[in-house]
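Here is a friendly walk through one protein model, meant to be read with the structure open beside it. Have a look at the chain below, and then we can start with a loop.

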Amino acid sequence: MTSTYTYSYTRTHTATHLTDIILGAITDILADLGINMDRLRRDWVQNENAIKAWIEEGSLATVVLECHQPSGAVVPVIEFPVSYAASGDGNAEFTASRARLARFRAKLDRVPAGTTYKLLCTYNWPCSDQPGWGPGQRASIGGLRGITFGTLGSAPHASTGMRYYHN
């Protein structure tokens, strides 16, 4: 019984930690690009609760940030893939690479005024229903160049990285 409690407790902390890293990175990126974040602020708790729940249940594969330009182009596209460990290490550290993210943000391509964003998620298997989230269609990343920036954060049961797709 104790191991189940410890597992749940650590898995919950892992989900909270990685959700903070992902949503924090998205906030920083949108701010750097000059994209209006009113909707992100308004929906913060809803997004936070959904992403946290999906990480905790292991269903979340990737959080996707698409930037929709006034011309119709969807670029850049930034993915935050989540990788899960088969069994958690309760002694593993909770880490976040703020320096890596800062170096990445300095390399972002600029977007024109009026660019908006869309948040989507992909899943490893069917996920729990979450308020404010429903089916969506990802834009194609065909023809875009991709850069993998490695691990942004890790915890005992999972980690998250970042991929950046651009022209």
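## A residue in a loop

Gln 137 sits in the loop between S4 and strand S5 (145-154); helices (H or I, at least four residues) and strands (E, at least two) are DSSP runs, numbered from the N terminus. With 62% relative accessibility, Gln 137 counts as exposed. Here buried means under 20% relative accessible area, exposed over 50%, and partly exposed in between (1.4 Å probe, protein chains only). Gln 137 and Leu 120 are 17 residues apart along the chain, and their C-alpha atoms are separated by 8.1 Å.

A word on the ground rules: this is a predicted model, in which local features need pLDDT of at least 70 and side-chain atom pairs count only at pLDDT 80 or more, while totals for chains, interfaces and linings use all residues. Residues are numbered from 1 along each chain as its sequence is written, and side-chain values use heavy atoms, with hydrogens and water left out.

## The overall layout

The protein has four helices and six strands. Read from the N terminus, their order is α-α-α-β-β-β-α-β-β-β. The protein has 167 residues, of which 44% count as buried.

## Helix H3

Helix H3 covers residues 44-57, which makes 14 residues. From its first C-alpha to its last, H3 reaches 20 Å, close to the 20 Å expected at 1.5 Å a residue; the expected span is 1.5 Å times one less than the number of residues. Which residues of H3 are buried? They are Asn 47, Glu 48, Ala 50, Ile 51, Trp 54 and Ile 55. These residues cover an arc of only 170° around the axis, so they lie on the same side of H3. The arc is that of the directions from the helix axis to the C-beta atoms.

Asn 49 also belongs to helix H3, but it counts as partly exposed, at 39% relative accessibility. Asn 49 and Thr 16 are 33 residues apart in sequence, with 9.0 Å between them in space, C-alpha to C-alpha. Just after H3 comes Gly 58, with a positive phi of about 85°.

Ala 61 is part of strand S1 (residues 60-68). Its relative accessibility is 14%, so Ala 61 counts as buried. Along the chain, Ala 61 and Cys 121 are 60 residues apart, yet 7.3 Å separates their C-alpha atoms.

Strand S2 (residues 74-84) holds Glu 79, a buried residue with a relative accessible area of 4%. The C-alpha atom of Glu 79 is separated by 9.7 Å from that of Ile 22, 57 residues apart along the chain.

## The largest pocket

How much space lies in the largest pocket? About 390 Å³. Pockets are found on a 1 Å grid over the protein atoms alone: a pocket is an open set of points with protein on both sides within 12 Å along at least five of seven lines, and lining residues have an atom within 4 Å of a point. Grid points are joined across faces, edges and corners, and a volume is the space filled by probe spheres set on the points.

The largest pocket is lined by 20 residues, and the closest to its centre are Leu 119, Leu 120, Gly 132, Trp 133 and Gly 134. H3 and strand S4 (116-123) are the elements that give two or more residues to this lining, and S4 gives the most, with six residues. By type, the lining divides into nine nonpolar, seven polar and four charged residues. In this scheme Ala, Val, Leu, Ile, Met, Phe, Trp, Tyr, Cys and Pro count as nonpolar, Asp, Glu, Lys and Arg as charged, and the others, Gly among them, as polar.

## Cysteines

A search of the whole structure finds zero disulfides, a disulfide being a pair of cysteine sulfur atoms within 2.5 Å. For Cys 127, the nearest cysteine sulfur is that of Cys 121, 8.1 Å away. Is Cys 67 buried or exposed? Cys 67 is buried, with a relative accessible area of 0%, whereas Cys 127 counts as partly exposed at 26% relative accessibility.

Technical notes: On a 1 Å grid over the protein atoms alone, a cavity is a set of points where a 1.4 Å probe fits but cannot get out, and a pocket is an open set with protein on both sides within 12 Å along at least five of seven lines; lining residues have an atom within 4 Å of a point.
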